Amino acid sequence: MKKRKGAAAGASGRAKPVDAQTAPASPAAPSQALLAVLCGLLAVAALAVYAQTATHGYVAYDDDQYVYENPWVKAGLTASNVAWAFGTFFYANWHPLTWISYMLDFSLFGANPGAEHLVNLGLHLASTLLLFWALYRMTLRPWRCAVVAAIFAVHPLHVESVAWISERKDVLSTFFEMLTLLLYIRYTARPGGRNYAAMAGAYALSLLAKPMAVTFPLVLLLLDYWPLGRMEWPPEAARVRRLALEKAPLMGMAAIAAVLTFLAQRGYGAMVSLTRLPLAARAANAAIAYVAYMGKAFWPAGLAVLYPATPPEAGATLGAVAILVVLTAAAWRWRKQRPYLAVGWLWYLGMLVPVIGLVQVGVQAMADRYTYVPLVGLSLALVWLAADLVEPHPALRTAAAATAVAALVALAGAAYRQTAYWKDSRTLFEHTLAVTRNNHLIQNNLGVIVARDGDSARAVALYRAALATAPDYAEARANLGHELVKSGHLDEALPNLQKAVQLNPKLAVAHGDLGLLLAARGRYEEARGEIERSLSLAPDDAENQSNLCYVLTHLGHAEEAIPHCQAALRINPGLANARLNLDNATAALGRHAQ
């Protein structure tokens with residue numbers, strides 16, 4: 001039977017070269033022992049960097065919403081909670097599989113951040129091995145594949161994805177993405193409905209964990225060119241249509257995930273409008289971010305959990321566009337002789353599209369976690385280029401191998417240090433402020449942490465610094481007002497609290513503090529309104545239930561006040577002022593009865 005032109009050759013998934021004149025000769029198959037050793041070394045490298053997270057805790061940056069204060073997650077894995085996971089747009093996202101994984105964590109371990117960190121590590125390690133095996137199945141180049149997988153395993157840019165419990169969605173989605181890749185290779189070697197269904201199922205699970213993988217079908221199309229050799233250059237239109245049609249079910253799933261994510265983010269108010277950030281500014285930011293990510297890939301210093309967005313400068317934009325044009329032109333120039341350059345470069349560009357800022361969500365300019373899978377494309381291109389250049393020269397091969405080992409050790413050391421910053425909230429935020437400027441969100445978050453530790457003066461200074469950069473940042477105004485109320489600076493606290501609730505009427509704590517301040521000034525009717533608004537937003541706040549009891553008693557509504565004191569004591573039986581307010585309300589009711 002005649003073999004179909006361009007089909008993947010052999011059960012191993014090894015394809016014929018795209019350009020037989022320039023491609024290197026097929027290597028001899030390595031021993032199973034070598035493959036096992038390489039997998040073992042990859043596992044050791046990942047564990048060496050991330051095993052320390054077993055002693056890390058939660059951080060006060062999304063972990064509260066995702067895990068330790070989330071009532072559905074804390075209730076564990078139940079049928080009703082699984083239904084919630086599929087139906088909710090909570091926290092501006094639709095990723096039901098991620099919610100389910102957190103629920104399973106709580107069912108198995110309870111509130112145990114060390115165990116949850118180890119789950120993240122396990123998923124990262126599994127993705128590393130799947131990536132290595134998938135690349136090896138496509139190319140039969142074990143050492144090159146091991147270097148690419150090692151970069152994935154230990155690069156400092158990936159610390160955020162692995163060491164942050166809230167980024168479970170990243171490591172979980174990527175695990176299924178790498179499984180999709182491996183199953184796709186199996187499908188190309190042995191086409192059939194069962195193999196395709198397995199691959200499509202893995203891809204669906206990746207999207208259910210995080211929609212970052214929406215452009216992955218295009219990566220599979222790139223791999224059809226190199227190294228799978230399912231199309232040649234120049235590509236035949238009929239062959240491209242057939243291969244694109246083959247990806248249509250995957251693209252359909254990606255489109256559904258993209259729409260659901262858009263609805264979730266728009267409904268939560270997380271999307272920045274074109275009025276606030278025009279398309280031209282977004283395109284400029286995207287070009288700068290593409291180049292900045294490459295810069296951090298080669299020199300991963302000054303990494304932070306949040307990089308505040310800044311207006312793009314014309315010089316930086318032009319420079320970034322020039323770099324992107326030159327690299328794209330080089331990849332195009334060598335598309336036949338060195339096809340991995342085009343594939344790796346387009347992998348990098350394409351996988352970043354959903355998060356590059358054309359659709360702006362939040363206030364960050366960029367995020368380390370966004371490079372988790374895109375960086376594989378750059379690594380693939382550079383490792384293959386370097387290996388091809390030195391392969392004809394034995395002396396250079398030895399020097400290149402030593403350089404690769406030294407570079408990987410350096411990356412692992414930097415990643416180990418970066419991972420240590422994630423041990424707790426204070427360490428993470430202090431490091432972030434040390435390597436970024438005008439970072440009002442992190443200044444506010446650190447202020448909350450130091451205030452809880454009793455350092456009110458430093459908290460006030462941090463809130464003031466945040467407001468100097470972002471005067472309309474409601475949370476920082478509310479937190480500043482709270483600290484000023486605690487320290488008795490009521491005159492200064494009042495305008496800050498009033499401004500906070502004006503900027504964000506859903507700040508329960510700000511309404512409560514404003515009510516408490518108004519009550520201290522004898523303005524009980526106004527205080528009642530503010531505290532009631534606070535309780536409508538957070539009904540289980542024992543302090544505010546007690547404060548409303550106090551205010552109602554002073555308004556002469558002791559009978560109405562008593563249930564609020566009782567509610568406060570049900571929520572927090574040890575709340576002393578609730579007991580005192582209940583006694584006062586009961587006494588007032590007795591006097592009224594007399």
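**A tour, starting at a loop**

Start by selecting Pro-227, which sits in the loop between α11 (216-225) and α12 (237-246); helices here are DSSP runs of H or I with at least four residues, strands are E runs of at least two, and both are numbered from the N terminus. This is a predicted model, where local features need pLDDT of at least 70 and side-chain atom pairs count only at pLDDT 80 or more, while totals for chains, interfaces and linings use all residues. Residues are numbered from 1 along each chain as its sequence is written, and side-chain values use heavy atoms, with hydrogens and water left out.

Now show the backbone from Trp-226 to Pro-227: that peptide bond is cis, with omega about 10 degrees. Move along to Trp-233 and Pro-234, joined by a cis bond with omega near 0 degrees. Pro-234 is also in the loop between α11 and α12. Most peptide bonds are trans, and most residues other than glycine have a negative phi.

Ala-92 is buried (under 20% relative accessible area, with exposed over 50% and partly exposed in between; 1.4 Å probe, protein chains only), at 8% relative accessibility. Then try Leu-140, between α6 (113-139) and α7 (142-154), where phi is near 55 degrees and relative accessibility is 16%, so this one counts as buried.

Next, select Leu-181 and Leu-223. Within the largest nonpolar core, of 137 residues, these two touch the most other members; such a core is a set of buried Ala, Val, Leu, Ile, Met, Phe, Trp, Tyr and Cys residues joined through side-chain atoms within 4.5 Å. Beyond its neighbours within four places in sequence, Leu-181 is in contact (heavy atoms within 4.5 Å) with Ala-134, Met-138, Phe-216, Leu-220 and Leu-223. Another core, of 28 residues, lies apart from it and includes Ala-286 and Leu-378.

Last stop: the largest cavity, about 40 Å³ in volume. A cavity is a set of points on a 1 Å grid over the protein atoms alone where a 1.4 Å probe fits but cannot get out, and lining residues have an atom within 4 Å of a point. Select Asp-170, Glu-177, Arg-369 and Tyr-372, which are among the lining residues. Helix α9 (residues 168-189) gives the largest share of the lining, four residues.

Zoom out to finish: the protein has 28 helices and two strands, and its C-alpha atoms fill a box of roughly 105 × 50 × 45 Å along the principal axes.

Conventions:
On a 1 Å grid over the protein atoms alone, a cavity is a set of points where a 1.4 Å probe fits but cannot get out, and a pocket is an open set with protein on both sides within 12 Å along at least five of seven lines; lining residues have an atom within 4 Å of a point. Grid points are joined across faces, edges and corners, and a volume is the space filled by probe spheres set on the points.
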